[in-house]
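Thanks for picking up this structure. Here are some notes to read alongside the model, taken point by point.

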Amino acid sequence: MNLQPKYTQKPVGSIKALANLLNLTLNELEELIQSSNNDYIIASKIEKADGSLRVTYKAKQKLRIALDTIKSRIFDKVKHPDYIAAGQLGKSYTNNAKAHINSKMLMSEDIKNFFPSISTKEVNRIFQHFFCFPPEVSNALSELSTKDGFLVQGSPLSGEIANLIFYQDEPELVEYCQSQELRYTRYYDDIHISSDKKEFHELIPHLKSKIYRIFGKHGVRPHRSKKKSHFSTCSSRLSVHDVTVNSKKTNPSHERISKVRQLLFTYEYMVDNNSNIEDIIKKHRSIRGHINTLQQQDYSQVNRLKEQLSFITRKINESEAKKYARKYRKVKSKKELTQFSSKVCILKKISVRVAMVINSEKKAADDKIKRKLSRNSVS
């Protein structure tokens, strides 16, 4: 089993080659590097369970285009070992959880303020020593990838860089775990170690020492709260990303299942009392997302929940649904058409009559937009 991540392309050999890769002139690249700190703007601030804030950022258009190109033409060419599931095509947190099914014992560790703790120096090290890019290219890429000296959450590169932060040291840790019949995974800042064969209390101090030494080497700190740093045996519920892994297949938590049932109860109350259609659609989309999550977590009764959702949806007032569909007449662009269509399509499940009205209104809106674009192109 290959435990090392691998870059499958030739290194970007010069700053000129980097500019060409990004479809920029050398002057444009230099200007983008100089302005990159200011080109990251706050997207949201979310209060975490411990009271601290999770600040996420988004990049302005020119920087975002460059970052997307770096991701697709550099980071997407990295092949990761199986113990890294985060950000990998066709994989999700459920794959990470499934790696720990039928656990007899589970150890969890978490990194405190992970993304903002990764310095530009560490990012530069990845570009220079993992990708083998020359210093001038590594410096340019690390400046574009960070803000004010650190990695930001929300950038298209943050997760990619986070996956590689321990590329030198993690394989040795994984190899040690395997030698002790333990299973290791990391999902960005969440580390899980388990065994489906035995309990491993005696190894916990040594494992913690190894993990914390790696953290310290790369300037990140463990989250020492009991919720984030703990171990438990199968006498209690063992979970990875709130997915139960005690048995031979994953299962969602009782709390998550109960939440969906409560949402369905609220949804039915809204429909029965003719609440605002916009609110009903929003609630439907939320419930559908939660049910999809349960499906990913192998919940056996997911089809029953889907049937219940469809049954309630068919009770939505037809007249109100048709009235809402006429909002197609206010749509002015292809983007607005796509966005509105993704919302209103839920109402097609009410009846064939409603579906016919929605399809008719959509076609009329689409034809109107096409005529407008045609006139603009002629003029």
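This is a predicted model: local features need pLDDT of at least 70, side-chain atom pairs count only at pLDDT 80 or more; totals for chains, interfaces and linings use all residues.

1. Lys 363 is exposed, because its relative accessible area is 53%; here exposed means over 50% relative accessible area, buried means under 20%, and partly exposed lies in between (1.4 Å probe, protein chains only). Lys 363 forms a salt bridge with Asp 367, and their closest N and O atoms are 3.0 Å apart. A salt bridge is counted when a side-chain nitrogen of Lys or Arg is within 4 Å of a carboxyl oxygen of Asp or Glu. Asp 367 counts as partly exposed, at 26% relative accessibility.

2. Residues are numbered from 1 along each chain as its sequence is written, and side-chain values use heavy atoms, with hydrogens and water left out.

3. Stay with helix α16 for a moment: it covers residues 352–378 and also holds Lys 372. Helices (H or I, at least four residues) and strands (E, at least two) are DSSP runs, numbered from the N terminus. Lys 372 counts as partly exposed because its relative accessibility is 39%. Together with Lys 332, Lys 368, Arg 371 and Arg 375, Lys 372 makes up a patch of positive charge on the surface. Such a patch takes residues with over 30% relative accessible area and no salt bridge, joining like charges within 9 Å (for nonpolar side chains, namely Val, Leu, Ile, Met, Phe, Trp and Tyr, the limit is 5 Å). Lys and Arg count as positive and Asp and Glu as negative, with His and the chain ends not counted; each charge is placed at NZ of Lys, CZ of Arg, CG of Asp or CD of Glu. The accessible areas come from the Shrake-Rupley method with a 1.4 Å probe, and for residues only the protein chains shown count as cover.

4. Now for the chain as a whole. It has 16 helices and 14 strands, and 45% of its 379 residues count as buried. The C-alpha trace spans about 65 × 65 × 40 Å along its principal axes.

5. How many salt bridges does the structure hold? There are 24. One of them joins Asp 68 to Arg 64, with the closest N and O atoms 3.0 Å apart. Both residues lie in helix α3 (residues 61–73), four residues apart, about one turn of the helix. Asp 68 is partly exposed at 32% relative accessibility, and Arg 64 is also partly exposed, at 34%.

6. Another pair is Arg 237 and Asp 242, whose closest N and O atoms are 3.3 Å apart in a salt bridge. Arg 237 is partly exposed at 37% relative accessibility, and Asp 242 is partly exposed at 30%. Elsewhere, Lys 71, Asp 76 and Glu 160 are linked in a network of salt bridges.

7. Is helix α6 (residues 120–130) enclosed or open? Eight of its eleven residues are buried, so helix α6 is largely enclosed by the rest of the structure. Among these buried residues are Glu 122, Asn 124, Arg 125 and Phe 130. Just after α6, Cys 132 has a positive phi of about 65°.

8. Asp 148 has a phi near 55°, a positive value in a residue other than glycine. Asp 148 sits in the loop between β6 (146–147) and β7 (150–151), and counts as exposed because its relative accessibility is 52%. Asp 298 has a phi near 65°, again positive in a residue other than glycine. Asp 298 lies in the loop between α12 (277–296) and α13 (302–313), and is partly exposed, with a relative accessible area of 25%.

9. Ser 155 is in the loop between β7 and α8 (158–164). Buried or exposed? Ser 155 counts as buried, because its relative accessibility is 10%. The C-alpha atoms of Ser 155 and Asn 124 are separated by 16 Å, with the two residues 31 apart along the chain.

10. Finally, the annotation: an unreviewed UniProt entry lists residues 46–221 as "domain: Reverse transcriptase". UniProt positions are given in the numbering used here, feature names are shortened, and annotations may be inferred rather than shown by experiment. Over residues 46–221 the chain is 43% helix and 20% strand, and the end C-alpha atoms are 21 Å apart.
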